[in-house]
Amino acid sequence: MAAERPPYLAPEAALGAFELESGLRIDLVAAEPLVVDPVAFAFDAAGRLYIAEGRGYPEPIESPTAGTEGRVVLLEDTDGDGRFDRRKEFATGLGFPNGIALWDGGVFVTDAPRILYLKDTDGDGVADEHTVVLTGFDLSKTTQLRVSHPTLGWDGRFYVAGGRAGGAVSSPLHPGRPPTSYSSSDGRFDPRSFVYEAVGGQGQFGFTFDAYGRRFTSSNRDPLRHVVLEPWHLARNPHLAVSGVMQEVAKSGADAKVSRISQATITSDFNPKYMSKPHAGTFTSACSPLIFGGTGLSAGHMGDVFICEPAQNLVQRQVIRPHGASFRSELRYEGREFLASRDSWFRPVFAAGGPDGALYIADMHRREIDHPQYVPEEMRDVLDFGGGKGTTGRIYRIARDGPRAPARTAAETTAGTVRELESPDAWWRERARRVLWERRDPAAVPLLESCAAEATLPESRAAALWVLHGLEKLSTELLVAALRDPHARVREQAVLIAQASACGPALLQPLLRLARDRDARVRFVTALLLGDCDDSQAVNALASIAVRDGEDSWTRAAVFSGIGTRMAEFSPAVAKSDGADSEALGAVMEELGRVLGAGGTADGRRQFLTDLLAEHGGFEWRLPAVLGLAEGLHGKLRTGNGGANPLAALLDSAPPAARQSLETFFTRAERAAAHETAAPRVRTTAVALLGHTNFRRMEPLLDGLLDARQEVPLQLQAVRAVERMGDPRGAEVLLQPNHWSRYTPQVKEAVLGALFSQASMIEVLFRAIRGGTIAPTEISSLRRGQLLKHSNPGVRKAAESIFAHLESGDRMKVYREHRDVLAAPADAGRGAGVFVRTCSACHTFEAVGGKVGPDLTGMRHQPADALLLHILVPNYEVAPDYQMATLTTTDGRALSGSVAAETDTSVTLRTPAGTEETVLRSAIRSLSSTGASLMPDGLEQTMTRQELADLIAYLKQDAVR
């Protein structure tokens, strides 16, 4: 079967297979045998090209060691015709070199488990200096998931993509220094001291900086993410629960569309494991994003991002726009790509600008690009993983139509290098930054000061500031002037430099003024800086930012990360601030209540609550504030089911008038929850708050809130309120026949999740099953397994009795017994109904359904046999994103779902109901993963054989044959 795969095309023939954006041209600048398996490259100022060749990919599954096939080569164009013609083997015997960056006459190369520094000291084109500068990066993951792509940041340190591996990193040059241990995050190192530290974000293979040093990463299904926060920001306030540090800039998953023109077969099409991800027609291998800053295309291309998608033989272009404290991106055009090829051997894995302003693409050029480890063993012989390995590779140049730009000579003097910092081309500005840092020439200082103050381009002014900061020669006067720069991006960079250099008294007033800056990013970074400023005026400035940008979650996080010890001062400062609408103020006050409840003093919490209760008007923002306090307090003040709620417990010693004010507030929340015409946000917030009270308050409201005509978020909030109370009487209401029979699949799953949180509520579920309200088959095998393994012996015994007849044994036997349905006539139209009834609570197909499990839209390309296997044996291959995790909180709650995100201070679970629960690590008693799929066994018991055949036909309709 491997011989039937698309054939190899010679380099010139492959050029004819491209479709490129009009007005541009693509030229081949290197091909085999001059270059083989290129995965990263870097130009020097003479136009020579250093290339990391990943010849060892894919490494043998049975021996995933570093290997010795990797090389770094140096290509030259000796006749100036625009095509490389000379090759030198700069370094050989490497493992899998996957990133390269110039520094001080040599290059840093990532080659896990180490980072090397290679240098040619005698000019023969071969490295004679080989130094391991860092080691200890994890080798246990496959090659594309290891540390990669060293890139010089604006702070003078080299950043690396962490892949999905961790490590205990140390420098052999400093044996007395303890290793830096981390798990699965990006990192950075100082090129002189080789101190390594973990940073926010997680780039899988490659990342990019924009023109102002903001960092963007990608992974297979996530084409572009912006790293918004760093670990040291969140560490300032351990009581702040944040679900992640990256913004999804581009659409991701099933929404990340691509327009391929090749007939490449994606290996995941054959893999049941990858049924957990959409496939053809969406990003499956996004890597090496590049925010382009070259002059060789057009002014309209500068600032756009180019994202490589090797599995589907294309490079996509997206435009990035500001969005609050972060960014959003969108396709530059629909239905076509910047660059796509009909040649399925075209594997673009890396993109970078060159000294001529053009865009260069590394084509690893393989018949298959996926790693065999991610393909079922029985399919590995079908796919030709060796096609092209060690024999082929290309480098392409993309530029405007017309004659090639003349070669440019790099400046040798310090003055000339500073002038390069003012170049309109990003490649030359980046070179100038690097060279100035390498040389550390004192003569550069006055020239850089002039550039920082007077350069035409804001990018140049900002870069000059950072170089001066790195040289430790940035004056306070110049930094203050930069804080007043007319361009917002220069002001933003000046704030970041002020934070990195420790904000002094001379900077305080200029920084306080920036709290009211007209630019959202400037206000965001100012909030981060003021969080480290001890001056009392900083609190008022933070409050001003909070009320202005309260609806932006990143700015809220920036503000609250820095008020951990100043919550008592922050609350009245917010109250005095003006200019916020009720929704923005409500978001801020809810977060304030949550943080105060989790980490404030008893007196501070009590004062916060009594102030809210005494306030007249503003119920729309006071309601979320009281809710936030209740959520922060949950588990800290012990209360029994049906007894006092945490807010009432907080006021135990308060005057009777205060307790009565709380009762009045709850009564008003009850009215808001029941008010059919109230704003949905107010109703759901009111219901959430009442969930922190008791069943007596909620009982009169539940019938109306659970009515199928209510908006789903309101129904789900009512279910969560019952779960929060943990009162079996609430469970009885949830399971009343008139409710259970009308729940949508999403709400029904939420109800089951609530009942599973308490053993006393599980008993109500058992009674409903015995009474016939709920059929045993309505309880998934995954949930049945939870009951059969429950820590409570009574629950286990009851479950064994109720579900004994449903627990079949060998799932593969079930699969084999049902293979005959594949030959049966089937009706996709009937299958649509089966999908809605059986699958849509968790899965989306053609934009319909839930988002708990994977989107099944791309499953139409899977073989029918693989679909059947995955339906009947969901644990055959389980993607980590959809493995079941169980979390127990310190207050006795039990949550289950997949881990959607985690930070140093919190974990976010995506529950089977599709909701997310963020729990502070300090509130976690235990967290474990079974490795089992979220998808249940036993689906064949919920449908007939004909219905199973119809479902498969529905999922495969319009499949490409």
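## Salt bridges

Asp210, Arg214, Arg489, Glu492, Asp519 and Arg521 are joined in a network of salt bridges, a salt bridge being a side-chain nitrogen of Lys or Arg within 4 Å of a carboxyl oxygen of Asp or Glu. The model is predicted: local features need pLDDT of at least 70 and side-chain atom pairs count only at pLDDT 80 or more, whereas totals for chains, interfaces and linings use all residues. Residues are numbered from 1 along each chain as its sequence is written, and side-chain values use heavy atoms, with hydrogens and water left out. Across the whole structure, a search finds 60 salt bridges.

Side chains of opposite charge can pair when their charged atoms come close. Arg317 and Glu21 meet through their side chains in a salt bridge of 2.9 Å, N to O. Arg317 belongs to strand β23 (residues 314-323) and Glu21 to the loop between β1 (18-20) and β2 (24-31), so the pair ties together parts that are 296 residues apart in sequence. Here helices (H or I, at least four residues) and strands (E, at least two) are DSSP runs, numbered from the N terminus. Arg317 and Glu21 are both buried, where buried means under 20% relative accessible area, exposed over 50% and partly exposed in between (1.4 Å probe, protein chains only).

## Further charged pairs

A salt bridge also joins Asp155 to Arg188, with the closest N and O atoms 2.9 Å apart. This pair links distant parts of the chain, 33 residues apart: Asp155 is in the loop between β11 (148-152) and β12 (158-161), and Arg188 is in strand β15. Arg188 has a relative accessible area of 9% and is therefore buried.

Arg215 and Glu230 form a salt bridge through their side chains (3.1 Å, N to O). The two residues are 15 residues apart and link distant parts of the chain, with Arg215 in strand β18 (residues 215-219) and Glu230 in the loop between β19 (222-227) and α2 (231-234). Arg215 counts as buried because its relative accessibility is 6%; Glu230, with a relative accessible area of 13%, is also buried.

## Aromatic pairs and charges over rings

The whole structure holds 31 aromatic pairs. Rings of Phe, Tyr and Trp (its six-membered ring) pair if their centres lie within 6.5 Å; planes under 30 degrees apart count as stacked, over 60 as edge-to-face and the rest as tilted. One of these pairs, Phe108 with Phe189, is edge-to-face, at 5.3 Å centre to centre and 85° between the planes. The pair links distant parts of the chain, 81 residues apart, with Phe108 in strand β8 (residues 106-111) and Phe189 in strand β15 (residues 187-189).

Arg408 lies over the face of Trp428, 4.3 Å from the ring centre. A charge sits over a ring if NZ of Lys or CZ of Arg is within 6 Å of the ring centre and within 35 degrees of the ring normal. The charged end of Arg783 likewise sits over the ring of Phe756, at 4.8 Å from its centre.

## Nonpolar cores

A nonpolar core is a set of buried Ala, Val, Leu, Ile, Met, Phe, Trp, Tyr and Cys residues joined through side-chain atoms within 4.5 Å. The largest has 167 residues, of which Leu448, Phe570, Leu647 and Leu689 touch the most other members. Helix α16 (residues 619-633) supplies the largest share of this core, nine residues. Apart from this core lies another, of 67 residues, among them Ile26, Ala52, Leu74 and Leu94.
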